[in-house]
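Hi,

Here is the structure I said I would pass on.

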Amino acid sequence: MKTNPTLILSSHDIEIKTKRISLQILENCIEDDVIVIAGIVKNGWIFAELIAQQIKTLSDKNVLLAKVNIDKKKPLHSVHVSVEAELYNNKSLILVDDVLNTGSTLMFAAKHFLDVPLKQFKTAVLVDRNHKNYPIKADYKGISLSTSLNERVEVNFDIPAKAELL
């Protein structure tokens with residue numbers, strides 16, 4: 001049975017959540033000269049870009065953006081990162097995705113970064129659905145939703161000024 005989507009977060013709400021997460025990241029990375037923001041393609045990357053823009057607006061920190069490609073249907077296959085490991089070695093890295101559902105995407109992407117010594121490793125998501133099958137958590141989250149397993153959460157970043165959570 002198909003139902004009409006319900007708007008949960010407007011573009012303004014997402015902007016506020018992004019700013020709050022960015023401030024939390026800055027607070028936890030106060031001693032760092034460079035903060036690495038690694039976004040999981042597709043919507044995680046868009047959310048990572050929004051966070052990076054906000055951090056640059058709020059501070060003079062250098063932000064290194066990294067695009068993380070992972071096959072969400074076959075997460076055991078290789079993970080590709082757009083920047084070389086030497087660039088994020090011994091840095092604070094925040095792995096970003098749009099929705100944390102079962103945790104498989106974040107878990108397998110995080111596994112990739114465990115091969116490199118990091119100063120600290122954190123995760124950020126816009127939506128935490130609380131249906132985790134893997135022992136991973138969101139260190140920074142925009143909103144926690146209690147949903148049923150058959151409900152679908154979709155983040156629409158097609159037009160950044162009109163980003164919505166449906």
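Let's start at one particular spot: Lys42 sits in the loop between β1 and α2. Helices here are DSSP runs of H or I with at least four residues, strands are runs of E with at least two, and both are numbered from the N terminus. A cis peptide bond links Val41 to Lys42, with omega at about 15°. For background, most residues other than glycine have a negative phi, and most peptide bonds are trans.

Before you read on, a word on what this is. It's a predicted model, in which local features need pLDDT of at least 70 and side-chain atom pairs count only at pLDDT 80 or more, while totals for chains, interfaces and linings use all residues. Residues are numbered from 1 along each chain as its sequence is written, and side-chain values use heavy atoms, with hydrogens and water left out.

How confident is the predictor? The protein chain averages a pLDDT (confidence in each residue, from 0 to 100) of 87, and 88% of the residues score at least 70. The stretch to be careful with is residues 160–166, where pLDDT stays under 50. The model still has 32 contacts for that stretch beyond four places in sequence, a contact meaning heavy atoms within 4.5 Å. Where pLDDT is low, the predicted coordinates should not be read in detail.

Now the overall layout. The protein chain has four helices and eight strands, and from the N terminus on they run α-β-α-β-β-α-β-α-β-β-β-β. Of its 166 residues, 45% count as buried, where buried means under 20% relative accessible area, exposed means over 50%, and partly exposed is in between (1.4 Å probe, protein chains only). Among contacts between residues at least 6 apart in sequence, 68% join residues at least 24 apart.

Which strands make up the sheet? Six strands form an open sheet in the order β3-β2-β1-β4-β5-β6, with mixed pairing. Its edge strands are β3 (80–81) and β6 (140–144), each of which pairs on one side only. Two strands count as paired if DSSP finds at least two bridges between them.

Going through some of the pairs:

- β1 and β2 are parallel, with seven bridges, and Val36 stands opposite Leu64 in β2.
- β4 and β5 are also paired in the parallel sense, over eight bridges, with Ala124 in β5 as the bridge partner of Val96.
- β5 (residues 120–128) and β6 run parallel and are joined by four bridges; Val125 stands opposite Lys141 in β6.

As for cover, six of the seven residues of β1 are buried, so β1 is largely enclosed by the rest of the structure. β5 is mostly covered too, with seven of its nine residues buried.

Helix α2 (residues 43–58) lies across β1 (34–40), β2 (62–69), β4 (92–100) and β5, at about 155° to β1. (Axes are lines fitted to C-alpha atoms, for helices over the stretch in contact, and angles run from 0 to 180 degrees between N-to-C directions.) Its buried residues include Trp45, Ile46, Phe47 and Ile51, and the buried residues of α2 pack against α1 (11–28), β1, β2, β4, β5 and β7 (155–156).

Helix α4 (residues 104–113) lies across β1, β2, β3, β4 and β5, at about 165° to β4. Seven of the ten residues of α4 are buried, so α4 is largely enclosed by the rest of the structure. Leu106, Phe108 and Phe113 are among them, and the cover includes β1, β2, β3, α3 (85–88), β4 and β5.

Finally, two single residues. Thr18 lies in helix α1 and is buried, with a relative accessible area of 4%; not counting residues up to four places away in sequence, Thr18 touches Phe47, Leu50, Ile51 and Gln54. Glu154, in the loop between β6 and β7, is partly exposed at 31% relative accessible area. Glu154 and Leu7 are 147 residues apart in sequence and 9.9 Å apart in space, C-alpha to C-alpha.

Cheers

Notes
pLDDT is the predictor's confidence in each residue, from 0 to 100.
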